[in-house]
Every structure is written in structure tokens, then in C-alpha cells.
Amino acid sequence: MIPFDKRLTPARGDIAAAHLEGQVEAARFVEGQVWQVRAPVASIRRAAAPDAPLETQAMMGEQITLYHMDTEAGWGWGQCAADGYVGHVALGELTQALFAVTHRVKVLRTLVFGAPDLKSQVQGMLSMNALVGIVETVDHYGRLATGGYVHRSHLTGLDVFADDFVAVAQMFCGAPYWWGGKDSMGLDCSGLVQSAMRAAGFNPPRDADMQEGADVCGAPVEITPGFSGLQRGDLVFWPGHVGIMLDGAEMLHANAHHMMCASEPLVEAARRIEAGTGHKVRHVKRPVGLGAA
């Protein structure tokens, strides 16, 4: 059998996706059912339990193919369409009644109102990159297919993207560090990179090691003494960690030292990380065509 990355392969001992038959071992192979995230964000967990570790998140409007459902317990297991990540998700955060996506949230977060009125009851919040279906416009608001209203100035077309992914990443500065998170309420290092690049029209993989090897994250840049020659938008990789250069010296990263998304001189971060983990900067990559330079 071919070895696969378990994070990206919908296969386990008891069940696997039908298209993997003959490639992986499983008791049975099934065709998946496409569901869609209707909650502001869906938690993709390591196990079917609300206190299981968070692996990643899927934003409103994203689709997830489920290969196993326990309707009594309220959990499903499947694969996210956007980045291929596999995990368990609460069925209450999804819907089988697929809605047409028409817009994407372009601001860090926006409120969902109960009526097209800023004084109406707030029903929730949507974070950047949430995909919404607008079924009606009322003055400055759009009515969502999932219920509620958002201000249309906070939305953009599906084919309209930010010019500078670094500027997008800076919008998350101060957001709490949250392992597995990738929305405005909390995110990890690779979640920051993925969210910012996605807002700029690119779709990098989810985890730092995946991004380190992905062509979409750019070509390798020579690592020089003192990190000279780096520029805005360069991605700096350690084993299991990634940061974004704001300029030739300052780096932005969601990290567990500050427990938030924060900027600091790369040389200081590199010194601290090496002292604490023994890890040195392993790669630097320079994305192309992301308007960062």
C-alpha cells in the first residue's frame, strides 16, 4: 500500500473514500456526501468529541465531504474541499441544503444582524474569508442564505482579491494564538499564512511543513548570516513554525511565546526559538505574484 499523509487522506481502519480503494487498507470504501458549513466557522477535530484537540477550521460556505456520519451522536468524519484536511466535525455546524456562494468576507470580522439595521440584535460574527450567499439586498445590507444580514461594504466578489497578502496578515496582529485556528478569534502560525494568502487569491496548504514544500509559497531564498537580503512577504520556516517578513528585519507570526499574532525582529525570534527548541531557520521562501514586494 502507498503511504499517505493521514492529515490529507480520508482513510482509517474501518472506512475510507471509495477513490482510495486499492491504495489503502480499510474495512469498507464509501462514496462521500457533500455538506456545507453553515456556522460562522466549523471546528475540525482529532476525534468526535467537543473537547478533542482542534486540528483546523473550515469557514462558512466551505464544503466538506463526509464519509462517515453518526447522526445520533451528531458527528461526521470527512475531508475539507478547500485544503484537503481530514477530521471530525459536528453535524450541527453543517448543512446538506447546499447554498450558492456569492461573496466573501474581506474584513477581519463582520457582524451578522437580525435585521437590516445596525441597531438590531446581533446574531453572530463572520471572519475573513467566510463564504456567504446573498439572496437579497436591503439598503446597505445583504440577507444571508443562512439567515441574518451583513453590511455589504464588508463583502467582496469571489474573484476580487487583496493586493498585498502581508497587509492582510497584519490585520490579524493581536489576535490570540490558538492551535488549529485560522479565523479572527484565534489562529496559529500556518493558519495566519493560509488565511492571508487565501485573501490574496492563493490557496496554500494548511500546515507549516506543507507550506514549506508547496510551490504556491514561492521559491527558496538563500539564508545568509544575520538574515540579510530578506524582503517583505518572505516566509521564514522552522520545523513546525512559519512567520511572514514585514520588511528586511521584522517578522509577523502567530506564536505561543506571545500567545498572539505579533511582530518582532527576526534575529530575536530566531535566537529565542533556537535556545528553546534547538531549531534553526530551515528555509526561507519568496512567494511570487502576491503583491508583497
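Visitor: How do you know that the largest pocket lies between domain 1 and domain 3?

Guide: In this predicted model, residues of domain 1 (11-95) and residues of domain 3 (165-286) both contribute to the lining of the largest pocket, so the pocket lies between the two.

Visitor: What is the volume of the largest pocket, and which lining residues are closest to its centre?

Guide: Its volume is about 650 Å³. Of the 37 lining residues, Tyr177, Trp179, Asp188, Asp207 and Gly240 are the closest to the centre. The largest share of the lining, 4 residues, comes from α4.

Visitor: Why are phenylalanine 113 and tyrosine 141 called an aromatic pair, and what makes the pair edge-to-face?

Guide: Ring centres must lie within 6.5 Å to pair, and these are 6.0 Å apart, so the two residues form a pair. Planes over 60 degrees apart count as edge-to-face; here the angle is 90°, so the term applies. The partners are 28 residues apart in the chain, with phenylalanine 113 in strand β11 and tyrosine 141 in strand β15.

Visitor: Why is phenylalanine 113 called buried, and what about tyrosine 141?

Guide: Buried means under 20% relative accessible area. Phenylalanine 113 has 10%, so it is buried. Tyrosine 141 has 8%, so tyrosine 141 is buried too.

Key
Residues numbered from 1 in each chain as written. Predicted model: local features only at pLDDT ≥ 70, side-chain atom pairs only at ≥ 80, totals over all residues. Heavy atoms only, no water. 1 Å grid on protein atoms, 1.4 Å probe; cavity = no way out; pocket = protein on both sides within 12 Å on 5 of 7 lines; lining within 4 Å. Points joined across faces, edges and corners; volume = space filled by probe spheres on them. Helix = DSSP H or I, 4+ residues; strand = E, 2+ residues; numbered from the N terminus. Domains from an automatic or database assignment. Phe/Tyr/Trp six-rings, centres within 6.5 Å; stacked < 30°, edge-to-face > 60°. Buried < 20%, exposed > 50% of the residue type's maximum accessible area, 1.4 Å probe, protein only.
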